[in-house]
Amino acid sequence: MAARVLVIGNGGREHTLAWKLAQSRHVKQVLVAPGNAGTADSGKISNTAISVSDHSALAQFCKEEDIEFVVVGPEAPLAAGIVGDLAAAGVRCFGPTAQAAQLESSKRFAKEFMDRHGIPTARWRAFTEPEEARGFILSADFPALVVKASGLAAGKGVIVAESREEACRAVQEIMQDKAFGAAGETIVIEELLEGEEVSCLCFTDGRTVAPMPPAQDHKRLLEGDRGPNTGGMGAYCPAPQVSKDLLLKIKNAILQRTVDGMQQEGTPYTGVLYAGVMLTRDGPKVLEFNCRFGDPECQVILPLLKSDLYEVIQSTLDGLLCAAPPLWLENRAAITVVMASQGYPGDYAKGVEVAGIAEAQALGLEVFQAGTALKDGKVVTSGGRVLTVTAIRDTLVAALEGAKQGLAAIKFEGAVYRKDIGSRAIAFLQQPR
């Protein structure tokens, strides 16, 4: 037990990564930059104030602190080239290079790449002029109702319109009103696909693809999938809508084909590859790629990892994933529910005291903190999504019940959360076969 590792980020995903790495017998300490209240002095885990935007100072810090490897949680540092910069300075970093991360940082790049490699996706066109975009929406021979900012917009740059008029208004919002800033200078307009959406993630060393159990995220704020889009209000795993055969099909037609295509184009992809997939009548199709763990998918997938995450990351970095593919817990299900600040995804108050975390943990639940800070020794809110409660049980029904007990135990003023996370999967499982 000698290794020290560094996790970059401050959300629930990063708390989960640190928690899982800390379970490894190889790991002595997990540093998190900048971290949150949940990663401040918790067993092997502690926060560090090192800047993550100054890559040369970060590399120097990693050498001085004897950091074995760096794990990058969010997309922005990946798009900014943190992996290449640290690697050039001799520091191992888990994640794709900036070039490979274009699969997420440029939706236009991703769509062109999928077309080149025969990866199934919605029909689309990219635009830099609002008039041309509106003309296309009105004249396309398919429902061109999905309007996306091509650049990074913190998971919120997609508008799914219900009519052509609404799609035209979305063009105005993104391109002229600059709703997502520079991310919307180029937009992608896509065909609206019908079906169930699932999150299919894998570890990859640039050649081998090791799929994770499929999950499903819930983007809308309110129960019954109503209200505004958020960064995600909860998730469950595994998604029973994805059979073993279908997962194999997704692995071969989407994940492996993507990794092989990146290799052929001279931009090998390593780290976590995340495909948001729509299960259509014509088979699975890619909605988007992410170049890292999702949030809150990370909080529901990693607790089901049976293998040592430190060992999985080392074998990924060493290009040896085929020799030691990760193992997952069998016959277990996980549900994670986000507790958010009142007003999220709009404006919300900060500094609201959070109580009951220890009580939820005493029920055998995991609480992963996100928008939290410490103030006078107490946990207070500091973000829109404050924390997630994760229950790991034998069935999804039992996991949902467990999560609800945790939600009842944790209290902060104005807390917003959904009680129906996973209900679609439970309904699916209860259908007569």
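Reader: How many bridges join strand S10 to strand S16, and in which direction do the two run?

Author: This is a predicted model, in which local features need pLDDT of at least 70, side-chain atom pairs count only at pLDDT 80 or more, and totals for chains, interfaces and linings use all residues. Residues are numbered from 1 along each chain as its sequence is written, and side-chain values use heavy atoms, with hydrogens and water left out. Strands are DSSP runs of E, at least two residues, numbered from the N terminus, and two of them pair if DSSP finds at least two bridges between them. S10 (residues 196-204) and S16 (residues 271-280) are joined by nine bridges and run antiparallel.

Reader: Which residue of S16 is the bridge partner of Glu197?

Author: Glu197 has its bridge partner in S16. That partner is Met278.

Reader: Which residue in the hairpin of S10 and S11 takes a positive phi?

Author: S11 (residues 209-211) runs antiparallel to S10, with three bridges between them, and Phe203 stands opposite Ala210 of S11. Four residues lie between the strands of this hairpin, and the one with a positive phi, near 105°, is Gly206.

Reader: How many residues of S10 are buried?

Author: Buried means under 20% relative accessible area, with a 1.4 Å probe and protein chains only. S10 is mostly covered, and of its nine residues the buried ones number seven.

Reader: How many disulfides are there?

Author: A disulfide is a pair of cysteine sulfur atoms within 2.5 Å. For Cys62 the nearest cysteine sulfur, that of Cys93, is 8.1 Å away, and for Cys298 the nearest, that of Cys237, is 11 Å away. The count of disulfides is zero.

Note on methods: Buried means under 20% relative accessible area, exposed over 50%, partly exposed in between (1.4 Å probe, protein chains only).
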